[in-house]
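Hello,

Here is the structure I promised to hand over. Please have a look, then read my notes below.

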Amino acid sequence: MQSLSHLQARRIALAAQGFTDRAHATPTLATLQRTLARTGVLQVDSVNVLQRAHYMPLYSRMGAYDQDLIRKASARAPRRMVEYWAHVQAFMPVDLWPVMRHRMDRYRGERGKWGFGADPGLEPRILAAVRDRGPVTARGLDEEFSGPRLKDNWGWNWSDARRVLDYLFLAGDVAIAGRTSQFEVLYDLPERVLPADVLALPTPTRAEADLDLVRRAARSHGVGTVRCLADYYRMSMADTVVAIETLVEAGELSAVRVQGWDKPAFLHQEAKLPRRIGARTLLSPFDPVVWERDRAEALFDFRYRIEIYVPPGKRIHGYYVLPFLLGDALVARVDLKADRATGRLLVKAAYAEAGAPAETAEELAAELIRLAGWLQLTSIVVEPHGDLAPALAAAAASAGWRG
């Protein structure tokens, strides 16, 4: 059985995620598609303290890009990606829609992610309203279909229309056509959202769908444990093990040992082991490199927890903390906020990791300048919190960026 060092596994993982792809001077839709092929999915999240989650992994790999590319890929024909509950809520390539039909059937039987108690008679009426008026938001249907909201209701106090639409979305009866400027979901019929040739694709068997998802997860990871591969598309461990065994037998995966890992790992046959990784970028808390926290710790010796829901006085690093990837290591973390009203990028805190190289502050300052330019912010303010903050403030000031 092949053995990989800790460093080799890390470089394989970063290469699989696209961090060795040749940069394009001006990222295009083709660049976006190449990046999406690497990541497999782009997690969607409503937090907008810096930039919404699905924009950041593209930036981390493509550099500063025209953010309208997201709209062109997801809301303009021919659509290249669509939202579904693939990892969690996420953009995925449109060709994954038929693969997700088994998941849609399961959600239909389970009445959504959590089940719900809305009047079943609302479903055909709301589906008919989407057919007649779509694309439409839940808010656009509330007056007609929703009663008063109960404070003890599940689902963040969702209205009846919102709960039924979420169920219909999970069951594949409606699809997400886009979002409003307030980030509200626009629902429409799948035939008006997905390309006709995608909808016409046959539904794979359940075993074929599981194989496809594990194959994609393995390609995006490069190397990973059963748990890593199961988590990527939120599959059961049992189904993942069966798929792995099939892929090993077919030669698409091979079992390997990774230094320091206490579980067997599996290497994708197309995985590359580069001699170096030349990355310098910030990673979203929802980036595939770090979203499975145990994997991030195993690969990078980087213990990472998002603290959005932690009371302010109990936070260790901050509200919205991004890891800083330099070369093949996570060398620092920064708590960032885009103060759009004043045009400032606020560094609420900055911390160096153990063993961070001497140039960390200068490299991070250069990355923050790039990020600020992409977000159309005109100044950087480094607040005096964290051991890296003084050096980072000095580096930003010496580059001509100060609050």
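Asp231 is buried, at a relative accessible area of 17%; buried means under 20%, exposed over 50% and partly exposed in between, with a 1.4 Å probe and protein chains only. This is a predicted model, where local features need pLDDT of at least 70, side-chain atom pairs count only at pLDDT 80 or more, and totals for chains, interfaces and linings use all residues. Residues are numbered from 1 along each chain as its sequence is written, and side-chain values use heavy atoms, with hydrogens and water left out.

Asp231 belongs to helix 12 (residues 226–232). Helices (H or I, at least four residues) and strands (E, at least two) are DSSP runs, numbered from the N terminus. Leaving aside residues up to four places away in sequence, Asp231 touches His87, Trp291 and Glu292; contact means heavy atoms within 4.5 Å. Its C-alpha atom is 10.0 Å from that of Val88, 143 residues apart along the chain.

**Aromatic rings**

There are seven aromatic pairs. Rings of Phe, Tyr and Trp (its six-membered ring) pair if their centres lie within 6.5 Å; planes under 30 degrees apart are stacked, over 60 edge-to-face, the rest tilted. Tyr232 and Trp291 have ring centres 5.1 Å apart and planes at 55 degrees, so this pair is tilted. Tyr232 lies in helix 12 and Trp291 in the loop between strand 10 (279–282) and helix 14 (293–300), so the pair ties together parts 59 residues apart in sequence. Tyr232 is buried at 0% relative accessible area. Trp291 is buried too, at 11%. Tyr59, Tyr65 and Trp374 form one aromatic cluster.

Best wishes
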